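User: I'd like to learn how to read a few features from a model like this one. Could you walk me through it?

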Amino acid sequence: MAYPYEHPRETRVLSKYFGDEDAIGIDGWIERGGYKALAKALGMAQDAVTEVVKDSGLRGRGGAGFPAGLKWSFMPKDGKLPNYLACNADESEPGTFKDRELMRWTPHQVIEGIIIASYAIRAQHAYIYIRGEFVDIVRVLNGAVVEAYERGYLGENILGSGYGLDLTVHAGAGAYIAGEETGLLNSLEGRRAEPRVKPPFPAQRGAFGMPTTVNNVETLASVPGIVENGADWYRQWGTEKSPGTKLFSCCGHLQRPGNYEVPLDFNLKELVYDLCGGPPEGRELLGVIPGGSSVPILTADEIDCDVSYEGIEAAGSFLGSGGLIAMDDSTCMVRAVRRMVEFYDHESCGQCTPCREGTSWLAKILRRIERGEGREEDIPLLLDIGANMAGKTICPLSDSAAVPVVSSIQKFEDEYMGHIRDGGCTAKR
Amino acid sequence: MSDAMHPAIAGAQPSQRAEKRPEAPLFEGAYQDRFEKILTRYPDKRAALLPVLHLAQEVRGWVSPQTIRRVGELLDLTPAYVRSVASFYTMFNLRPVGKYLIQVCVGIGCDLCRAEEVAEKFLELTRTRIGETSEDGKYTVIEVECLGACAFPTVVQVNDKVYENVKAEEVEGLLKELD
Amino acid sequence: MDNDRKLINVTIDGIEVSVPEGKTILEAAERLGIVIPRYCYHPALSAPAQCRMCLVEVEGAPKPLPSCVQQVQDGMVVSTDCAEARKARRGVIEFLLLNHPLDCPICDAAGQCMLQDYAHETGQLRRRAVEPTVVLGRDHVTSEIVYFADRCILCTRCVRFMEEIAEEPVLQVIQRGHKGYIDTMTDELFEHPFSMNIVDVCPVGALVNEDFLFKARSWDLDQTASICPGCSQGCNVLLGTKEQRVVRLKPRPNPEVNSHWMCDYGRREVVRWGAGIRAEVPMVRESDRLVAIDWSRALDALVEALSEASGGAKAIVSPGASNESLFTLRSLMERVGFEGGYFHVTTGSEQVLKGFPKLALREDRAANARGAELLGFERVDYVYGALLGHRGVVFVLEEALDGAPEDFGEGVELFIYIGSHLSPAAGKADIVLPCPIWAEMEGTFTNFEDRVQRFNQALRPPGLARPIWLSFSVALARLGAGEPFTSVAAAFGALAEELGVYSGLSYERIGLNGATTAAAGSAAAARR
């Protein structure tokens, strides 16, 4: 049984067991071939594991798309300082809910990936920084971690290899910015989740001042398959620059919202119309945000591209986290953008002036336009505020807040002008 | 929760219980055991701050100034520092909340699917305003940003239970179910 | 330290400069006299790079970079003033002003406000925001310091001062994002002996000293480089004066003494020193009363009395008197035979600034106890004990004589009182000479570690009060000991010549930053 929907055109590698209650527990997981990759990895040299992941071309699934194997290779190998791994399970990009499902249905897939990655980067302690709001998922994950300890996949001398690893589940407490990797490190250290200035990068100075790798849940969940089956196996899917499969969290105005796993050369339009069933009956698609609310919106006729990192970039947006938000013609674009900007306003850590002040100013202007009190000069003003926010701050949250505003004005200026001229919204919501 | 809780997960219990004991000591019994286990998982005491605040909130229901001072003492941090960190994170209630903390997701995914109607229904039926606790102390309704289950709008979390696909017309039944 | 590092070449605004590796763009620019606007950056604190005011363009970089943390690299080409950098700055100013109350007319920081300065510089005339500003409240954070939340730009300098320099993180950012503000623990005030530095580091008027509130506009103040006389540390300060009064002291940076800081005690204590009933004219005793006369006749009387004196001289001096005053006093005493000079130092508990432990509010609450010692004055607990039974000449210099025995000054041959204030005990003196307080004169103090530092004159002395080094050098000349000093530099020069410990030092060499005595210098070198 799939969860919530399944489609024959999917390539279910990571999500093979979504909806399968029996795959959650460790016995069920082992029956399904779990922890074989770990045994194989522990028989390999640490750097050989990194090499396989490097060769596979796996890119970070948190949003930035940085090659995972390359990231691991930045970690010091001299053992002078303790190395750490932090699994970024602080999934909070609006429209994204893939890590939640990975942990909900296949917690051992994630844990196995964590152990292999920790081994490869020579970490003796790994943390899963899980979003605090995921109260139900935390319970599942906790159960799985305890099982893994009980079966000797965690703790000292794992599977007789001599390698030992402790894994601690660390729950966040409500801060989107803790999903930014340096914000995560500060939060893990018991501080405000304020992003750090880079350099130094986490591989030089990360958690507790020590070399640290931060990897997203989906990235780590992809690792066991790659280690077990090899880089070429993984490269059978996707493109040269974007190998493998990826989960797309699809929400908004769709007939069948949910997670769909497709190869990275899959067509975006087909994902929206075939797999997700397109917009509800009688509605037309207005636009699609393909990678979480931080990426530019695409109009309905811009989505005939493949979902690779480079494919979506060529179409004018980004793959980001793979959180696809579809909007049909009942959508008030100003309201939707206002809601997204309010999110960033709420989540701005407040360190950098342009982000702290800019997000709330944008939200105020958008609320005013939505109320029907907009002025024509608000359009260039919004664009200029966006320009003053983008690329001017420590982390990209400021850019993320500007993106929906700027891209929606570029593509849906009529919606704004309609509000300004008609004194409010005329969309049939 | 048992005495035998594994140290690896002792700190990862973000729990909002219906029963709140604002004056309960920090920490005793099984909670003391969890507190000590949390400390073993980090190279310094500061890192235990979030887990320990979660633990304190689980016991007391909110993070009061007294809680902040006590947690500061336990972890060698100034009360101002603990307050600063606690106030950064939305899950720490710096004011008391009702027996049921009702969190309605108004993130973009749920908003596109009329989350505001669900929120309004909760407010109407509990006769409260956003963030305020009903007179009988039972309900506090808040709007929260994306809860990360966007395929199942509207997502509502009551204490530590998650409800998916909540429609406005189902709110009344959901509230009845709580009691 | 700089010398050990490799030099690298960078071009900033078209000018090439060589700087040691590891310097930031902001520091490198300062070497060229280019001051890149900044708020959160402070030279003595960590740089969080969060205000984004110091963004500059670097050739080849995809985005503007924060110059406060970006280290220079060989061949780097930086522009601090190109259109992009200016636009970024204008953007930051506009963001900061969105919710700023613009209450400059009643703000203590007006005239010394970095927001005002840069807003003026960017020259944006019109407000683009039509949204009303957010109005927040104000609150005490210490019993003396008030926080105006609306004015705060959240640069966190104050937070970092308390964390990194005071090492007591009692002031923090509360909440996050645009809801953020600075506060202590709920409903608590904090106390710290160096708390007022948070007012100094605040680049705007968010943290103000209630004691100074509404007292003066900063541009109405005269500023004079001086030394805090509150303890033997000798913090370098700027005296803010207005209408013949010291209104405030602000630390003047000196990495060897006080970095950018000073204690609260110094600021509170010494501003009061000019108050009270001042001695304004010289007086001499005529039968049973003191009669005001001019300086010339007063010195005549002094010289005559000293020439006739048969016993030797003893003195009670203040450990706050300048080296030059003490030196001329001693020289004068030697004319009749120096039999001893004594001083008592008021003490209090030492308060070290943990993050800059060179600086402490010292136990000795006097500026020049060390200088007095080096000049042969003796530190005693009970100065009057040292004068018991003395029948010769008595000098009292700048010592109020509170707590003197009732019969003090009786039964001596000659009692000369030199002071800035009239004290009841001075009533028994044969000659009373008015002198200025430290702020009304110039001179040097020698601090606890033998560092000699100059303080400048900020105020006019009241009436006919005149520094003692000057009046006594005239008296000495009349007694046949050379020419009077024409400047305090000459007085110090004579002192340095006579007292080996100061050899090699001159008033000029001491300059504004001070200099250590040779002995202290070599002791410091030995420690290193």
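This is a predicted model: local features need pLDDT of at least 70, side-chain atom pairs count only at pLDDT 80 or more; totals for chains, interfaces and linings use all residues.

User: Okay, take Ser423(C): which residues is it in contact with, leaving aside neighbours within four places in sequence?

Analyst: Ser423(C) is in contact with Ala400(C), Leu401(C) and Tyr417(C) once those neighbours are left aside. As for location, look in the loop between strand E22 (414-419) and strand E23 (431-434) of chain C.

User: Is Ser423(C) buried or exposed?

Analyst: The cut-off for buried is under 20% relative accessible area. Ser423(C) has 12% relative accessibility, so it counts as buried. Now try Ile227(C), in strand E11 of chain C. Its relative accessible area is 1%, so Ile227(C) is buried too.

User: What does Ile227(C) touch, not counting residues up to four places away in sequence?

Analyst: Its partners include Gly234(C), Cys235(C), Asn236(C) and Val237(C), and also Trp438(C), Phe445(C) and Phe455(C).

User: Let's move to strands. How many bridges pair strand E11 with E12(C)?

Analyst: Strands count as paired when at least two bridges are found between them. Strand E11 (residues 222-227) of chain C and E12(C) have six, and they pair in the antiparallel sense. One position to look at is Gln223(C), which stands opposite Gly240(C) in E12(C).

User: And what pairs with E12(C) over six antiparallel bridges in the region of residues 245-251?

Analyst: That's strand E13 of chain C. Thr241(C) has Val246(C) in E13(C) as its bridge partner. E12(C) and E13(C) form a hairpin with two residues between them, and Glu243(C) in the turn has a positive phi of about 45°.

User: Why is E12(C) described as largely enclosed?

Analyst: Count the buried residues: five of the seven in strand E12 (residues 236-242) of chain C are buried, so the rest of the structure largely encloses the strand.

User: How do I read the order of an open sheet?

Analyst: Follow the pairing across. In chain C, one open sheet of three strands has the order E24-E25-E26, with antiparallel pairing. Strand E24 (443-446) and strand E26 (515-516) of chain C are the edges, as each pairs on one side only. Four bridges join E24(C) to strand E25 (residues 451-455) of chain C, and Thr444(C) stands opposite Arg454(C) in E25(C). Helix H8 (residues 323-336) of chain C packs on this sheet, touching E24 and E25, and its direction makes about 95° with that of E24(C).

User: What describes two packed helices?

Analyst: The angle between their axes and the distance between the axes. In chain A, the axes of helix H14 (residues 353-370) and helix H15 (residues 378-389) come within 10 Å and cross at roughly 160°. The cut-off for roughly antiparallel is over 145 degrees, so H14(A) and H15(A) are roughly antiparallel to each other. Their contact includes Trp361(A) and Leu362(A) of H14(A), and Leu381(A) and Ile385(A) of H15(A).

User: At roughly what angle do the axes of helix H1 and helix H2 of chain B cross?

Analyst: Roughly 170°, with the axes of helix H1 (residues 30-39) and helix H2 (residues 49-60) coming within 10 Å. That makes H1(B) roughly antiparallel to H2(B). Among the contact residues are Tyr31(B) and Phe35(B) of H1(B), and Val52(B) and Leu55(B) of H2(B).

Conventions. Residues are numbered from 1 along each chain as its sequence is written. Chains are lettered from A and ligands numbered from 1 in the order in which they are written. Side-chain values use heavy atoms; hydrogens and water are left out. Buried means under 20% relative accessible area, exposed over 50%, partly exposed in between (1.4 Å probe, protein chains only). Contact means heavy atoms within 4.5 Å. Axes are lines fitted to C-alpha atoms, for helices over the stretch in contact, and angles run from 0 to 180 degrees between N-to-C directions. Angles under 35 degrees count as roughly parallel, over 145 as roughly antiparallel, 65 to 115 as roughly perpendicular and the rest as oblique.
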